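Hi there,

Here is the structure I promised to pass on. Please have a look when you get a moment.

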Amino acid sequence: RIFAVKDEKGIDVIDIKTDSILSSILRGREIKAITVDEQRRILVVGEEKAIHIISLDTFETLSIIKTIEETKSIGIDSELGMLLIADEEERLTAIDLNTYQKIKEIKISEKPVSIAIDQQLHIAVIAHHTWGEGDKEDEEGKKGERGEEGEKDRDNITIIDLNTLSIIKTLQAGKRPFNIAINPLTHEAAI
């Protein structure tokens, strides 16, 4: 199955064998992030200030988790049963996927843009970017609002131990990290 976000306004569930739309869910919602937990057979969808837990079998909403700030990225450690939510206020919230209750909040540096999780090592890697002085650009290179006077771009990654929910380290990253992925065979992250 493919879960396609259309114009950030809802999700189409597509069967790739038959090339047909099985369901359209969360119509009219501005989708910020999406991930799947195959073990629990759930789709997790982040929107402005809520996380939707949706059954992959029925496409019904199982739970809605309210968030304080806008969701920027989400990730799941299936074995630990943990959902991670990064928001625009430099906060990472860990949620228990069995109870949908908050486990812990972790203050992270800078603005998060992406989360990747190593399912074997139980490590989360979060890419951050804070715009500095000068014109900001969006993902398509369009000029946007200006950074704060005298501020420089800050680009880094934070590595978090999911067993202890503690920050292992923060490292400098290349210019303007936008996305991150971890190779499950080599445990290397690509930013």
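First, the ground rules. This is a predicted model, in which local features need pLDDT of at least 70 and side-chain atom pairs count only at pLDDT 80 or more, while totals for chains, interfaces and linings use all residues. Residues are numbered from 1 along each chain as its sequence is written, and side-chain values use heavy atoms, with hydrogens and water left out.

Let me start with the sheet. Four strands make up an open sheet, ordered β7-β8-β9-β10, with antiparallel pairing. At its edges are β7 (71–77) and β10, each of which pairs on one side only. On average, neighbouring strands here are turned by 20 degrees against each other, direction ignored. Strands are DSSP runs of E of at least two residues, numbered from the N terminus; two of them pair if DSSP finds at least two bridges between them. Angles are taken between axes, lines fitted to C-alpha atoms, and run from 0 to 180 degrees between N-to-C directions. Within the sheet, β8 and β9 are joined in the antiparallel sense over 6 bridges, and I85 has T93 in β9 as its bridge partner.

Both I85 and T93 also line the second largest pocket. A pocket, on a 1 Å grid over the protein atoms alone, is an open set of points where a 1.4 Å probe fits, with protein on both sides within 12 Å along at least five of seven lines; lining residues have an atom within 4 Å of a point. This one has a volume of about 160 Å³, the volume being the space filled by probe spheres set on the points. Strands β6 (61–66), β8 (82–87), β9 (91–96) and β10 (102–107) each give at least two residues to the lining, and β9 supplies the largest share, 3 residues. By type, the lining has 4 nonpolar, 2 polar and 5 charged residues; among them are K66, D87, R91, K102 and E105.

Beyond residues up to four places away in sequence, S23 touches I11, D12, V13 and F59, where contact means heavy atoms within 4.5 Å.

L121 sits in the loop between β11 (112–118) and β12 (123–130) and is partly exposed at 45% relative accessible area. Leaving aside neighbours within four places in sequence, L121 contacts N163 and H187. L121 and P184 are 63 residues apart in sequence, yet 9.3 Å apart in space, C-alpha to C-alpha.

Best wishes

Definitions and conventions
Nonpolar A, V, L, I, M, F, W, Y, C, P; charged D, E, K, R; others polar. Buried < 20%, exposed > 50% of the residue type's maximum accessible area, 1.4 Å probe, protein only.
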